[in-house]
Amino acid sequence: MASALEVLWVEKYRPRRLDDIVNQREVVERLKLFVKERNMPHLLFAGPPGTGKTTAAHALAYELFGENYRQFMLELNASDERGINVIREKVKEFARSRLPPEIPFKIVLLDEADNMTSDAQQALRRLMELYSSVTRFILIANYPSKIIDPIQSRCAFFRFQPLKKEDIVERLRYIAENEGVEYEEEALEAIYEISEGDMRKAINVLQAASFLGKVTVDSVYRVVGMARPREIREMLQAALRGDFMAARNMLRKIMIEYGLSGEDVVRQIHREIFSGELKIPEELRVVIADYLGEVHFRLVEGSDDDIQLGAFLAWLAMLSKKAGGARG
Amino acid sequence: MIRARAARALPWVIKYRPKRIDDVVDQDKAKNILIPWVKSWLEGRIPEKRAALLYGPPGVGKTSLVEAIANEYDLEVLELNASDYRRRSDIERIVGVAARRRSMFKRGVIILLDEVDGINPREDAGGVEALVNVIRETRNPIVMTANDPWKDHLRPLRELSLLVEFKALTVNQIVGLLQRICRAEGIECDREALRFIAERSEGDVRAAINDLQAVAEGYGKVTASIVRMVVRGREKSVEIWKTLSEVYYYPRYAWKVKKAVQQSEKDYEELIAWLNDNTPRKYEHPADIWRALDALSRATLFLSRAKYGGEWSLLSYVFDLMGPGVAFARQDGGVSRARYGYPERIKLLAQMREVREVRERIAEILSRRLLTSKSTVKREVLPLIIALYRESRDTPRLAALALSYGFDEKMVGYLAGPRKAEILRAMQRLKKLRAEERAKATEARTERVEARRPGREEKPRGPVGLDFFLGGGRGRRGRRR
């Protein structure tokens, strides 16, 4: 027992077969038809995060190709590799490669496809036409509107429903029981609230809370709070006190200790600005968010993290000076 | 006639190279350190530091002194111009061999590596490390020269070497040397002309001799009026302190500040780092700091557009914003007397890069196993895991998790911070325990059962990619549950 294995539960409890997928009945039934016929069109899976899109794609491939299905599938994540070169090189090479005799077609799985540049999408569209006899594409997106029309029209569209509270709580309960974790019923509901219908997030929070002992409402909120570096708030408070140097030192510490990029830090700041824990006048939150948006935009365009965020902190320090530096 | 021409063809800097130690102008301090060190080698006592690093501005006699010493003590100089041999393989092959060699005709061998500060940490990857290894083992003295020994990546060399500083020469010392050369060449020189040349050389003997030769050969004599006409100041780069002062202290004209940043000895990226760190030191009013940093961040924006978009004409705006942009940002407050500081950022960036690489590797492992993007992992999963590794007391479970995903020491360090050692120890214990259990299990059961358990601490079984189709395959995925 002391040497028991510990794997992330999102991995351990991921449904392998279509029938194991929670509450996407309609989608699952249609996908099962493809398995039965051993044929399918290009597919577009759309829906909120954590509703089973990627899982469904893998389960579908598993049922089509069997245990070693990943051999016959090219998996790309457009958030990590979004450029046109990936499409031109990796995807093209795979799509036109020889078809192994034991399968009816190969699959290209493009996850988070809504993050693809429009150039890349145009290139993709050509490949979908050219090699459709041997390769089928499954595109996954949170926002299907960001997929160009010509691609949408070439795909069978599947909308994944947001998961209901019962679905998530049920699954959490199943996992907790199976893992022998002690829990309060209300804690599972709290996790649902935090997860916003995202199963992956929910399971991660459950597992994380279980590391602190019995899973209670309190431990759930504690673990979620822990996951946000408190230094972010301290940094903002220092800047708003007018202490630019202290704030910038904290900024650098955060970036080094957590290896965060400028954009990561901006996202955290953004969440912090609207949190009640940061005591500032409400109208100021809007003003700060506005400038933060500009900062974010420049970072995306390529300005330097440390300098750009330094400028942001100096700006906060300046605001406090204008306001008489009275705020704490 | 022929003789004269042959003599003329030889550059004076070579012709008048010091033959003996006393010919090397000044640098007594350097001589007092270096000569005993070389003697110690000759007497068969290998000194604690097996290499010497001679540093100082160009043209002050670093290489000359080494050659003069070799000449006087009958040593063979193996000069390896570092511009040719900088990569790991070259250094191991060439310098490594030289380090073990014995001289056939002379009393000993001295290895001279010129301009080690030219080793580029990116292009000549592993060069410094290779050199460090050679120095540790060498049987012959290794002497290196550098203009700027304080570059970050040279630190390992600095630590291993006897540091010998060379000073810029004074105007009078250079004038004296030029006079000796004029006499030897039988050329008429007036002292004022030599003074002018010496001043323009800014302590660089080599530059001064070259100027003297240019005038003498072109005009047959060296007079003040000719020299003034011919010898112009070299396009000398401006020291960082001067550049910063031009920016921070009451600038009057934008064009002047821009020129100052363009002429800086530092390249623009380094200079931006200097400005970024020194602005909050020098400017007292937050609004001034903000305006300056905002301009600076826009400078980096233009810089990245120039670099990644290939639009190098945009570079001009980079200078506009980093020079005048910072200089004229000061509108509300004064300038502090605080001293300039070396930008911490340069060190910082290296640290950040390292942490980010580790983070990236963890994200890579998890994204393959959790079937989600690295960015989602970094955004959603990593923060939770980091929190657990720092706050949860359930060490055995944390260790098991690390083993399941094959986290190495650096990754555990990233996740656990101060608790790194504790977690690593727990991982060791767990590994041992498992090995024992496995040994027991093999007696009872077959290995196959074990091999099918989920989450073994092995290579992540990722998706099979293109390489599978184009050639060799990869392992199959284990069965779950």
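**Helix packing, cores and chain contact**

Biologist: Which residues in helix 16 of chain B meet helix 13 of chain B?

Modeller: Helices here are DSSP runs of H or I with at least four residues, strands are runs of E with at least two, and both are numbered from the N terminus. Two residues are in contact if their C-beta atoms, placed from the backbone, lie within 7 Å. Helix 13 of chain B puts in B:Lys258, B:Val261 and B:Gln262, and what they meet in helix 16 of chain B is B:Phe319, B:Asp320 and B:Met322.

Biologist: Before we go on, what pLDDT do local features need?

Modeller: Residues are numbered from 1 along each chain as its sequence is written, while chains are lettered from A and ligands numbered from 1 in the order in which they are written. This is a predicted model, so totals for chains, interfaces and linings use all residues, side-chain atom pairs count only at pLDDT 80 or more, and local features need pLDDT of at least 70.

Biologist: Back to that helix pair: are helix 13 and helix 16 of chain B roughly parallel or roughly perpendicular?

Modeller: Helix 13 (residues 254-262) and helix 16 (residues 315-322) of chain B have axes 8 Å apart, at an angle of about 110°. Axes are lines fitted to C-alpha atoms, for helices over the stretch in contact, and angles run from 0 to 180 degrees between N-to-C directions. Under 35 degrees is roughly parallel, over 145 roughly antiparallel, 65 to 115 roughly perpendicular and the rest oblique. The two helices are therefore roughly perpendicular.

Biologist: And how do the residues of that contact divide into nonpolar, polar and charged?

Modeller: For this count, Ala, Val, Leu, Ile, Met, Phe, Trp, Tyr, Cys and Pro are nonpolar, Asp, Glu, Lys and Arg are charged, and the others, Gly among them, are polar. The contact of helix 13 with helix 16 of chain B splits into three nonpolar, one polar and two charged.

Biologist: Which residues have the most contacts inside the largest nonpolar core?

Modeller: A nonpolar core is a set of buried Ala, Val, Leu, Ile, Met, Phe, Trp, Tyr and Cys residues joined through C-beta atoms within 7 Å, and the largest has 117 residues. Leaving out residues up to four places away in sequence, B:Met322 touches B:Val261, B:Leu271, B:Ile272, B:Leu275, B:Leu296 and B:Ala299. The residues with the most contacts inside the core are B:Leu296 and B:Met322.

Biologist: Is A:Ile232 buried or exposed?

Modeller: A:Ile232 sits in helix 11 (residues 231-240) of chain A and touches residues including A:Ile254 and A:Ile269. A residue is buried with 20 or more other C-beta atoms within 10 Å of its own, exposed with 12 or fewer, and partly exposed in between. A:Ile232 has 21 C-beta neighbours inside 10 Å, so it counts as buried.

Biologist: What about A:Arg38, buried or exposed?

Modeller: A:Arg38 is in the loop between helix 2 (25-37) and strand 1 (42-46) of chain A. Although not a glycine, A:Arg38 has a positive phi of about 50°. Its 10 C-beta neighbours inside 10 Å are why A:Arg38 counts as exposed.

Biologist: Last one: which element gives the largest share of the side of chain A that touches chain B?

Modeller: The contact takes 61 residues from chain A and 64 residues from chain B. On the side of chain A, 10 residues, the largest share, come from residues 305-322, which form helix 15 of chain A.
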